[in-house]
Amino acid sequence: MNDWSIKEIKRQAKDRLKVNYLKSVLVGIVIAITTGGLFDSTYSGSSMSTSSSSGLKDVISGVPKNIMFAIGIGTILLIIFAFITMVVIKIFLINPIEIGCDRFFHKNLEEKAELKEMLYSYDKGYKNGVKTLFLRNLYITLWSCLFIIPGIIKQYEYRLIPYILSENPDMDSKEVFRRSKQMMNGYKWKAFLMDLSFLLWEIVGILTFGILNVFYVNPYKKLAEAGLYKKLKEI
């Protein structure tokens with residue numbers, strides 16, 4: 001069963017996208033929103049005029065130092081609070097949705113998957129899913145902080161974790177990691193080449209200000225990734 005090609009996986013992804021297009025696009029939008037990749041912002045606030053900047057400096061210079069210190073501390077605390085809030089949302093809300101979205105695209109390879117699959121992890125194995133994806137993100141972050149290349153390798157090694165959880169919600173975290181590592185063994189480079197094959201689509205997506213990504217590229221890529229999981233599971 002290891003006689004498969006990237007072209008074959010991408011052809012299947014295109015076919016299945018046509019079968020359940022609208023729902024696939026909607027799930028792709030959810031993924032893009034939760035990962036912050038829906039549209040790229042091109043606005044920059046660095047164009048403040050010199051006169052405005054000098055006026056701001058005059059206002060700041062007239063504020064007592066103790067008040068400026070309090071404002072500075074408050075700003076730091078606000079940033080810390082916002083960061084912690086984002087981390088909590090990522091761990092407890094977004095990660096379970098990732099499992100559900102991957103379940104949707106995997107099921108969509110065989111049937112017309114329903115949008116309710118996105119919420120699957122909230123009903124099945126929620127705590128285990130939260131724990132496992134937290135560990136995945138932690139390990140990838142630590143490896144990336146130490147060395148860039150090993151961090152990328154770990155991303156591919158752990159790539160199938162959400163798919164495995166989408167079918168085995170109560171599987172022990174260690175076993176999920178072991179199975180993803182085993183399935184990707186010898187296929188990380190091929191998975192990288194598959195990602196690279198979407199480069200032209202990504203460039204065109206940028207030229208369309210992300211519109212093409214939303215309505216075609218994102219769901220197409222996710223279906224291809226689901227196809228990769230399906231093939232590796234059969235080996």
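The second largest pocket of this predicted model has a volume of about 260 Å³, where a pocket is an open set of points on a 1 Å grid over the protein atoms alone, reached by a 1.4 Å probe and with protein on both sides within 12 Å along at least five of seven lines. Grid points are joined across faces, edges and corners, and the volume is the space filled by probe spheres set on them.

**Pocket lining**
- Residues with an atom within 4 Å of a point count as lining, and here they are F83, M86, V87, K90, I91, N95, F134, N137, L138 and T141.
- Two or more of these residues come from each of α4 (65-107) and α6 (126-146), helices being DSSP runs of H or I with at least four residues, and α4 gives the most, with six residues.

- Leaving out residues up to four places away in sequence, L232 touches W4, L160, M183, M184 and Y187, with contact meaning heavy atoms within 4.5 Å.

**Confidence and conventions**
- The chain has a mean pLDDT (the predictor's confidence in each residue, from 0 to 100) of 89, with 87% of residues at 70 or more, whereas residues 39-52 fall below 50.
- Local features need pLDDT of at least 70 and side-chain atom pairs 80 or more, while totals for chains, interfaces and linings use all residues.
- Residues are numbered from 1 along each chain as its sequence is written, and side-chain values use heavy atoms, without hydrogens and water.
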